[in-house]
Amino acid sequence: MTSFTPDEIMVTRAANELRNGEVVFVGIGLPNLACNLARRLQAPGLILIYESGAVGAVPSRLPLSIGDPCLVTDSISVCSMVEIFNYYLQGGLIDVGFLGGAQVDRFGNINSTVIGDYQYPKVRLPGSGGACEISIHAKKIIIILKQNKKTFPEKIDFITTPGFIDEKNQRKKYGMPGRGPVLVITDLGVYTFSEESFEMVLTEIHPPNPSIEKINDNISWDLKISDSLKTTKPPTEEELNIIRKELDPERIYLR
Amino acid sequence: MTMQQSVREYIRDGDTVVIEGFTHLICFAAGHEIIRQKKKDLVACRLTPDLIYDQMIAAGCIGKIVFSWAGNPGVGPLYGLRRAVEKGIPRPIELEEYTHFGMVARFTAGASHLPFMHLDTFYGSTLSQQNKNIKEVKCPYTGKMFATVPALNPDVAIIHVQRVDKEGNAQIWGLMGVQREAAFASKKVIIVAEELVESSVIRSDPNRTLIPGFKVDAVVIESFGAHPSYAQGYYDRDNQFYVDWYEISKDQGKMEDYIAQWVIGVSGRKEYIEKLGLEKVNGLKAGTRLAAPVNYGY
């Protein structure tokens, strides 16, 4: 096994989840690396959509921001954000949405708004952007987030973006079109969600030193662990070459 | 019209103002002129406040922001905005917060002269409890409940475009975010363009016109006016500046020094560009990628 960093296995694990022909709503950072890696390997026909309006983007450099003109050059369409949110997202055309945030709880609800009280915040975070509606409408959501007791707390301070909301899965009550979060990929492992309690379940632990103890030290609730727990497939040499030499050679997002 | 004249004539203290551009074509030149003219108590709307609102907040021009994502795109937080929200420095600011879709719908309602827009989002999010402007409506056909947002009709929109003719017919290519809706929603529209072109150029490619001249109140030609953001086909983002801003914005003193030197300390965009220097400006110039021509004949 070639040695790799936690960021790199997060990217390759996320990339492995994508299938040729899927339509993906992409964010800047690790999800962007994952989508562009998948596009170079098993999913050359992956359609990358950025909320700024680029559809079928084929960025030849690492986009500096969500509105980077490199997303436009050679894309299949550029449209206004009215069309992106109404026709593409609310219209039900998005298969996979990637989301991050500052905190996630056991039901996959994400906080990217405030730490502390909303009116008098300890830390003011960026806010939703498009995350709330992406989570409601994309057919499935993959959450990518580094894991520690603070980012995986018992209770989050603000639900910016609904996952399953609670153990009853309130998505059904609201008639949300998307399934919600199906996968959480962290620097330590991979989680899916229970179909009974809608709670996160640990299904994979990352190599090279998989440790349930370490996972538990970095999560604030009593974690459910899958009976068929396995070790995450390590990045291949080919994947690492593409990430390191082509996608992020200056290691802007791979820290 | 010059930038100085247009800001003086159209923007009053307390006005609701939108400088749109979704990380692409952000009119920093107009923001800087607003700071120079010491405008106050502005209600500043934008999906992504970006560095320009961070600077206007630090300069004390803004009393409230209406937004959906406040960060330094691709880099980190906006510390000027955070300082105002968390500590009231240099003055407290009020936040009115939506999601991107919520802001898009507000501008769309505003542009359509409808009082509100319904949309399928916000459910399950704490946002709808914090923002009393997010309400609900029952669909008269299906009975399903939808979230609503009120129309946003700013007093003034400032839209940066690649080219315009003297009538104000404005063309954009590349990412166009929500600029068209922001312009149609606003009472007054200031177009700031990289280039003034003959009307025949505009009329040779009418599909590219985002805003027609008869909706425009002022035209300002300000080459490099969106620096340090991007202008497709003209220049790339000055990413080093966005990265440097991370450190500058952490400290109110450093931000004030920046504003003193680069905003108050120059008379306008021309002097700003001279200060940046030819090497910097030339280094950001865009490469060439021409579209295949189309035939508008019939």
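Which residue in β8(B) is the bridge partner of Ile19(B)? The legends below take up this pairing and its surroundings in a predicted model, in which local features need pLDDT of at least 70, side-chain atom pairs count only at pLDDT 80 or more, and totals for chains, interfaces and linings use all residues. Residues are numbered from 1 along each chain as its sequence is written, while chains are lettered from A and ligands numbered from 1 in the order in which they are written.

**View 1. Strand β1 of chain B and its parallel partners.** The bridge partner of Ile19(B) in β8(B) is Ile158(B), and β1(B) is joined to strand β8 (residues 156-164) of chain B by 3 bridges, the two running parallel. Strands here are DSSP runs of E with at least two residues, helices are runs of H or I with at least four, and both are numbered from the N terminus; two strands pair if DSSP finds at least two bridges between them. Strand β1 (residues 16-19) of chain B also pairs in the parallel sense, over 3 bridges, with strand β2 (residues 42-45) of chain B, where Val18(B) has Cys45(B) as its bridge partner.

**View 2. Helices α1 and α2 of chain B.** The axes of helix α1 (residues 3-10) of chain B and α2(B) come within 10 Å and cross at roughly 60°, where axes are lines fitted to C-alpha atoms, for helices over the stretch in contact, and angles run from 0 to 180 degrees between N-to-C directions. On the α1(B) side the contact is made by Met3(B), Gln4(B) and Val7(B), and on the α2(B) side by Ala29(B), Ala30(B), Glu33(B) and Ile34(B), with residues counted in contact if their C-beta atoms, placed from the backbone, lie within 7 Å.

**View 3. The open sheet of chain B.** Three strands with antiparallel pairing form an open sheet in the order β5-β7-β6 (chain B). Because β5 (116-119) and β6 (135-138) of chain B stand at the edges with a single partner strand each, one side of each is left without a neighbour in the sheet. From one strand to the next the twist averages 40°. Antiparallel β6(B) and strand β7 (residues 145-150) of chain B are joined by 4 bridges, and Glu136(B) has Ala147(B) as its bridge partner in β7(B). Helix α5 (residues 100-111) of chain B lies across β5 and β7 of chain B and runs at about 140° to β5(B).

Key:
Contact = placed C-beta atoms within 7 Å.
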